[in-house]
Amino acid sequence: ELLRAVAPTGSRQLTESQREQLRGMVERRWQDRAGCAGSTDPVAWYPTEGCAPDRDAIRICAACPVRRSCLAVALLWDEDGIWAGTSPGRRRDGYRLLRAGVSMQTAVHLLLAEPARKSVTDADDLVSPESGESQRSCEAA
């Protein structure tokens with residue numbers, strides 16, 4: 001946390017105005033209410049590259065009361081892993097929307113509304129919305 005407090009910027013993909021908007025979306029002490037806070041398997045939130053995320057992690061994110069704060073932090077700091085039910089590839093789609101002039105509110109809404117949609121940039125980007133099954137399982141990895 002200290003490093004983040006003194007770091008000049010998070011993602012270089014965002015303007016200062018966009019960073020300020022995201023900071024405004026982060027609820028105080030949001031982590032205390034996060035669905036993943038009690039997870040016994042932190043590895044589930046960081047799938048191996050090329051593998052679909054853990055289905056339980058996606059389900060926990062889908063029901064989480066602080067998804068908006070979680071996504072805002074992930075976008076601010078260009079985080080790895082699953083945040084608010086989105087993968088890094090899905091969040092790259094969000095950055096593209098912002099660069100194309102889509103408002104922050106709309107981009108965040110789209111990312112949260114369709115977390116299971118396969119990213120155009122990541123083949124491993126989440127879970128099939130029809131079946132709930134992983135795109136590619138890597139449990140043996």
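Modeller: Just after helix α5, glycine 101 takes a positive phi of about 100°. The model is a predicted one. Helix α5 itself covers residues 88–99, which is 12 residues. From first C-alpha to last, α5 reaches 16 Å, close to the 16 Å expected at 1.5 Å a residue.

The buried residues of α5 are Gly89, Arg90, Arg91, Asp93, Gly94, Tyr95 and Leu98. An α-helix has 3.6 residues a turn, so residues three or four places apart point the same way.

The loop between α4 and α5 holds aspartate 78. Although not a glycine, aspartate 78 has a positive phi, near 50°. Its relative accessibility is 40%, so aspartate 78 counts as partly exposed. A further residue of interest is arginine 29, in the loop between α2 and α3 (55–62). Arginine 29 is likewise not a glycine, and its phi is positive, about 55°. Because its relative accessibility is 57%, arginine 29 counts as exposed.

Of its 141 residues, 40% are buried. Among contacts between residues at least 6 apart in sequence, 66% join residues at least 24 apart. The accessible surface comes to about 8200 Å², and carbon and sulfur atoms account for 52% of it.

Terms used
Residues numbered from 1 in each chain as written. Predicted model: local features only at pLDDT ≥ 70, side-chain atom pairs only at ≥ 80, totals over all residues. Heavy atoms only, no water. Helix = DSSP H or I, 4+ residues; strand = E, 2+ residues; numbered from the N terminus. Expected span 1.5 Å × (residues − 1). Buried < 20%, exposed > 50% of the residue type's maximum accessible area, 1.4 Å probe, protein only. Contact = heavy atoms within 4.5 Å. Areas by Shrake-Rupley, 256 points an atom, 1.4 Å probe, with all protein chains shown as cover.
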